[in-house]
Amino acid sequence: MLAGILLALIAGSLVGLQNIFNSKVNEHTGSWSTTTLVLGMGFIASLTISLIVEGKGTFALQNMQPWYWISGMIGVGVVICLVQGVKLLGPTFAISIVMTSQLAFALLWDSMGWLGLEKVPFNFNQFLGVLVIVGGIIVFKFGGKAKGTEAAQAPVLGRTGTQE
């Protein structure tokens, strides 16, 4: 279990890091170019590593449902939406919403047993957990001081340390 938690933490940090890189790329090019670059580089990297680690097993795709192949197309939607969300909301707020949405939909799919998942009963504690996370996002976004109040009160010091 500890290994799974560690890997999940690493994945979360990598998603956050990737979104920062993607938004920086998007500042210099369009969203579709960013998505093409991100997924294209990901394809090259994952194919190379897969060939090194798994060899010919990379292409052994027996017993796979044909509709699983759309996963890459879902990735296009993920990158496009994340790049635009970060651009419009900022990284922290956008990722907070993404993570909450991810959790809520994972709970939905688990509890319904959709997409070949083992059906897991949905209980009040899980519902309460999602509500606490949503409440945290609301407090994070809207619970702070009004913008500009600290900046307006704090003196600006120049290089010599005197007030300007």
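Throughout these legends, buried means under 20% relative accessible area, exposed means over 50%, and partly exposed lies in between (1.4 Å probe, protein chains only). This is a predicted model, in which local features need pLDDT of at least 70 and side-chain atom pairs count only at pLDDT 80 or more, while totals for chains, interfaces and linings use all residues. Residues are numbered from 1 along each chain as its sequence is written, and side-chain values use heavy atoms, with hydrogens and water left out.

**View 1. S23 in helix α1.** Helices here are DSSP runs of H or I with at least four residues, numbered from the N terminus. With a relative accessible area of 16%, S23 counts as buried. Its side chain comes to 2.9 Å from the backbone oxygen of I20.

**View 2. Helix α1 from end to end.** The 27 residues of α1 should span 39 Å at 1.5 Å a residue, and this agrees with the 40 Å between its end C-alpha atoms; the expected span is 1.5 Å times one less than the number of residues. N19, N22, S23 and N26 are buried in α1. The buried residues of this helix pack against α2 (31–54), α3 and α4.

**View 3. S31 in helix α2.** S31 is buried, because its relative accessible area is 15%. Its side chain joins that of Q84 through a polar contact of 2.2 Å (a pair of N or O atoms within 3.5 Å; within protein, one must be able to donate a hydrogen and the other to accept it, and residues adjacent in sequence count only if both atoms are side-chain atoms). Setting aside neighbours within four places in sequence, S31 is in contact (heavy atoms within 4.5 Å) with N26, I80, V83 and Q84.

**View 4. The largest pocket and its lining.** A pocket is an open set of points on a 1 Å grid over the protein atoms alone, where a 1.4 Å probe fits, with protein on both sides within 12 Å along at least five of seven lines; lining residues have an atom within 4 Å of a point. The largest pocket has a volume of about 390 Å³, a volume being the space filled by probe spheres set on the points. Of its 15 lining residues, V15, V78, L82, V98 and Q102 lie nearest the centre. Helices α1 (2–28), α3 (71–89) and α4 (91–112) each give at least two lining residues, and α1 supplies the largest share, with eight.

**View 5. G129 in helix α5 (residues 124–142).** What is the relative accessible area of G129? The value is 30%, so G129 is partly exposed. The C-alpha atoms of G129 and A104 are 9.8 Å apart, although 25 residues separate them along the chain.
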